[in-house]
Amino acid sequence: SRYAATLTGLLPAGGNGIFVYQWQQSPNNSTWTTLTGAVGQNYVPGSPSSNLYFRRIVTSGFCTPSTSPSVSIYVQSPVGNNLIGSSQTICNGATANPFTGSIPTGGDGIYTYQWQTCTDNLSWLNSGIVTQGFIPGSPTSNRYYRRVSSSGVCIPFTSVGVRIQVDVPSLNNLISGAQTLCATTTPAIISGTVPTGGTGI
């Protein structure tokens with residue numbers, strides 16, 4: 001979690017020149033709770049886990065205490081649910097299925113995307129595609145894809161990389177030639193070449 005910035009209070013004026021401070025907090029900007037020990041000019045709110053409002057009451061001399069306008073600290077949840085789909089295998093020249101991409105959660109509810117690709121699942125580069133989904137088209141070699149989702153002040157969430165495996169067509173599928181034989185003769189073995197392409201299996 002991140003720490004909120006210090007709430008800096010201005011030096012008051014008026015009264016007898018001696019100022020006594022008391023900070024308060026509220027979950028709804030209506031019901032206020034006095035913060036024990038928070039009696040300095042400034043206040044360090046730490047790392048709140050929910051939205052909170054803060055204000056400062058200043059007392060000086062016999063005048064009515066002055067209550068500042070409230071300020072808010074909004075707490076956003078981490079970006080989550082950044083899913084893009086499953087790995088797939090296609091034949092070279094075929095069109096891969098689009099990655100639809102889920103709608104994330106968390107942040108401020110407004111999401112930006114950056115799709116990244118690479119060949120080794122390590123050296124990722126931005127693709128320039130910034131939409132929720134991604135259409136990979138017809139890749140000609142094995143590639144990995146992932147999506148970085150950002151929202152608000154939270155750390156961007158990077159999805160797991162998925163792979164599109166591109167198999168080349170099976171080639172070199174040859175068998176030995178035709179035979180002519182007598183009905184009582186055993187035919188020779190029909191031999192086949194080792195094909196190429198595909199997955200190698």
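1. Let's start with Ala96. Setting aside neighbours within four places in sequence, Ala96 is in contact with Gln88, Ile90, Pro136, Gly137, Pro139 and Ile164; contact here means heavy atoms within 4.5 Å.

2. A word on what you're looking at. This is a predicted model, where local features need pLDDT of at least 70, side-chain atom pairs count only at pLDDT 80 or more, and totals for chains, interfaces and linings use all residues. Residues are numbered from 1 along each chain as its sequence is written, and side-chain values use heavy atoms, with hydrogens and water left out.

3. Ala96 also belongs to the largest nonpolar core, which has 10 residues, among them Ile84, Ile90, Phe99, Trp115, Phe134 and Tyr145. Such a core is a set of buried Ala, Val, Leu, Ile, Met, Phe, Trp, Tyr and Cys residues joined through side-chain atoms within 4.5 Å; buried means under 20% relative accessible area, exposed over 50%, and partly exposed in between (1.4 Å probe, protein chains only). Strand β11 (residues 162-171) gives the most to this core, with 3 residues. There's a second, separate core of 8 residues, including Leu7, Trp23, Leu35 and Ala38.

4. Now the overall build. The protein chain has 0 helices and 12 strands (DSSP runs numbered from the N terminus: helices are H or I with at least four residues, strands are E with at least two). Its radius of gyration is 34 Å, while a compact globule of 201 residues would be near 17 Å (taken over C-alpha atoms; the globule rule is 2.2 Å times the number of residues to the power 0.38). The C-alpha atoms fill a box of roughly 125 × 30 × 25 Å along the principal axes. Buried residues make up 30% of the 201.

5. On to the rings: the structure holds 6 aromatic pairs. Rings of Phe, Tyr and Trp (its six-membered ring) pair if their centres lie within 6.5 Å; planes under 30 degrees apart count as stacked, over 60 as edge-to-face and the rest as tilted. Tyr43 and Phe54 have ring centres 5.7 Å apart and planes at 40°, so this pair is tilted. Tyr43 sits in the loop between β2 (33-34) and β3 (52-59) and Phe54 in strand β3, so the pair ties together parts 11 residues apart in sequence. Phe54 is buried at 1% relative accessible area.

6. Phe99 and Trp115, by contrast, are stacked, at 6.0 Å centre to centre and 20° between the planes. Both are buried: Phe99 at 2% relative accessibility, Trp115 at 0%.
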